[in-house]
Amino acid sequence: MKNISRLLLVVSCLIAPLCQAADLSGRVTDGAGNPVPQVMISVDNGNVQPGDTTVTVFSDEQGEYRISELESIEGMTVRAVKAGYLVVEPESTRVPLVASANGEVRQDFVLKPGMDAETLPASVWMEQMPAGAGRELALLQCASCHQVPSRKMRDFAKHLAYLSEEDRISSWKSMIQYMRIKVFEIGPDGSRVSPEYVDFETMMNPDFSLFNLHDEEVIGEYLGKHMPTDYSDATGLAYDQGPNLTNGDTLIREIHLPKTSLIREIALTPASPYLWGADLQKNRLFRVDPDNPADQVAYPVPFEGPTGPHTLNDDADGFIWDANIEGDVVHRFDPVTEEWKAYDQFPEGAVAHDIALNSSFQVAKDINGKLWLTLIGKNKMASLDPETGAVEEFDIPLAEGNKPFRAAVYGAALRGDGKEVWFTQLTGGLGALDTETGELVFWQDYPEGKGPRRIAIDDDDNLYVTLFGSGEMDIFDTREHKLLKRVALPDPNAAPYSAIWDRWRNVVWIGNSNADAIYRYDVASGEIGHIPLPSTHAYLRMITFDRKTGNLWTAYSHMPIGSGPSSFVMIDPGDNPVIN
Amino acid sequence: MKLKILLATVIVALISACSPSAEQESQTPDQVGASDAEERLTDVETPSAIKVTEASVIEAQLEDDLSKLGCFACHAVDEARIGPTYRSIAVLYRQADAKALLVNKVINGGGGIWGPMPMISHPHLTPEILNPLIERILALPGE
């Protein structure tokens, strides 16, 4: 159907000059004629559906912008957004594109300083709340699924405006009890870990929950005391994500995906021209043609029962590895032959979360040819023989009183020599195993709420560990087993989910869950800046690469399903890296 | 706790046994489940509590339909949870022709009636989805 309408469009374009391919350009000023650089200019049809694209560019030093080769301007709209500014002219937020008599398509904007509550990221509301253990635990536990405050959190908080502090605290505690149930609703279609199969009392039991009684106490108290109850006026809030790294060549493409899917991660391999997504909700991989985004094809994971694919990485052989949240199975998919290989020798309840990656950000083998995985269900590490499928488990530390699944062993990275695998735990620490003996060779506890998550390693064997709850990043020397540096990220409430080292640029990209922005940490200079994203509720997990162009790709996956945008996102930083 | 699970199983089993499709298929997994439940039923201390009247079947079905929208986390027909029971909502609102008010409350959230804890908003739900369900809640018997 989409293809037919595309064809009709092409045919009608032959006779109608209106919908010829066009360049949109314009200038952004401050009203006094001064240019406003780094304004996000986004073009789409104003009501995006799966397969539609939003294209975003940024105004340059002169305030000029240009979007080249728009397929058609018919039905298309443009909007301008810059954090810290309000659009004065034109008056409507979205402006239809209109060609002038000579065929030129222009739209100028006038901006003035001001804070627009509608376009600011969630994290700015956290900024006015006191820092410390309460905020860190609230971010770690709540922003694991959605932004803090999400739209629904804001709706809820508004209703608390006239309550006493005591009642606000008790309301937020009830909300955490409610979340114990919601956790059971986030599994894939057909999930056995769902309200359909688990009885109410079990779901509500703090001992079986990701939210234990201590979480309820600390987070309920913190939100009750400090959470704002009015979100209509952002005047006086501060937007600080560090230097803005965009320029006139920066380009962002958001390819919109079905809202009924929960596509949390994306993988690309030079072996395949397509984008591959992990659709946790629908138990499938999801293929999109970047040159024709309306071409979206589902590949159900061939397995008896639900799988919930959630982690997706390529390897040097052109395979895509898929770790599943359910079924205790990991799959390897060949995007060229479309053949699957199932690794199903994991013990029951293991739940492989991450496969250890190397400095190329690819699934890699250790010195004995084995892969390493984090088993989030059991608080264990596992090695996997990719030839035989044999799995071996290894114990890792668990704090007294903590439960294995709540410890949440998470990210993993393999040192360059293949002799050590490093891992994180969300409520635990950072450790390393000797890949030959399976012995723990390094361990460091993290204070509650820090939340070390997905990690990256570089060619010097330095490890980058984002701290989700406190908005920091630790850099470890994995050869010497010592902390080199703790980096405060620009926004302590950004909820940095992942670090990805970029060999071409020698930078670390950081995917944030709560700031509608990505960060770039320059390894040589230590400087940090950001690239803002065009959508709100732009909940990020991993970032990966197009290894041919050096462009970045990520995915929006705000939970629950439908509560935020569902899109693949390409980011060309506009820095012309040398790709080799 | 165990009693409740068994009750739920029995009610579901009875509903499926009453439905034509289950009658037509002779050896379905549903029926295996039903006989399982019947066997386990002997453990229950107070079997006299299980009176499957027509009303209770209707109520179980209502609870099931509402559960699919996630309502069960806070509400049940008779069991006190985070929010009020459906039956107490019916008793309070059925005189007042309050269907529109309740639909609005589900979509936008709100509070102040049953205690300090407000209801969370459900912006993804529509009046079309909610109207028939609210009608069935308001039709629950009780005083």
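**Exercise 1. Is Asp366(A) buried or exposed, and what surrounds this residue?**

Solution. Asp366(A) is buried, because 22 other C-beta atoms lie within 10 Å. The cut-offs: 20 or more other C-beta atoms within 10 Å of a residue's own make it buried, 12 or fewer make it exposed, and anything in between is partly exposed, with C-beta atoms placed from the backbone. The model is predicted: local features need pLDDT of at least 70, side-chain atom pairs count only at pLDDT 80 or more, and totals for chains, interfaces and linings use all residues. Residues are numbered from 1 along each chain as its sequence is written, while chains are lettered from A and ligands numbered from 1 in the order in which they are written.

Asp366(A) sits in the loop between β19 (352-355) and β20 (371-375) of chain A. Helices (H or I, at least four residues) and strands (E, at least two) are DSSP runs, numbered from the N terminus.

Then list the partners. Leaving aside neighbours within four places in sequence, Asp366(A) contacts Trp372(A), Leu414(A), Gly418(A), Val421(A) and Thr435(A). Contact means C-beta atoms, placed from the backbone, within 7 Å.

Finally, take a distance. From Asp366(A) to Ser513(A), 147 residues along the chain, the C-alpha atoms are 31 Å apart.

**Exercise 2. Describe the overall build of chain A.**

Solution. Start with the elements: chain A has eight helices and 37 strands. Its radius of gyration is 24 Å, close to the 25 Å from the globule rule for 580 residues, so chain A is as compact as a globular protein of that length. The radius is taken over C-alpha atoms, and the rule is 2.2 Å times the number of residues to the power 0.38.

Now the extents. The C-alpha trace spans about 75 × 60 × 50 Å along its principal axes. Of the 580 residues, 51% count as buried.

**Exercise 3. At what angle do α3(A) and α7(A) pack, and which residues meet?**

Solution. Helix α3 (residues 133-142) and helix α7 (residues 213-226) of chain A pack at about 110 degrees, with axes 9 Å apart. Axes are lines fitted to C-alpha atoms, for helices over the stretch in contact; angles run from 0 to 180 degrees between N-to-C directions. α3(A) and α7(A) are therefore roughly perpendicular. Under 35 degrees counts as roughly parallel, over 145 as roughly antiparallel, 65 to 115 as roughly perpendicular, and the rest as oblique.

Their crossing is left-handed. That term applies if the near helix is turned anticlockwise from the far one by less than a right angle; clockwise gives right-handed.

On the α3(A) side, the meeting residues include Leu137(A) and Ala138(A); on the α7(A) side, they include Val218(A) and Ile219(A).

**Exercise 4. How does α5(A) pack against α7(A)?**

Solution. The angle is about 135 degrees and the axes are 8 Å apart. That makes α5(A) oblique to α7(A). The crossing of α5(A) with α7(A) is right-handed.

**Exercise 5. How many residues of chain B touch chain A, and what are their classes?**

Solution. 18 residues of chain B are in contact with 20 residues of chain A. The chain B side has eleven nonpolar, seven polar and no charged residues. Nonpolar covers Ala, Val, Leu, Ile, Met, Phe, Trp, Tyr, Cys and Pro; charged covers Asp, Glu, Lys and Arg; the others, Gly among them, are polar.

Of its 143 residues, 17% count as buried.

How values were computed:
Contact = placed C-beta atoms within 7 Å.
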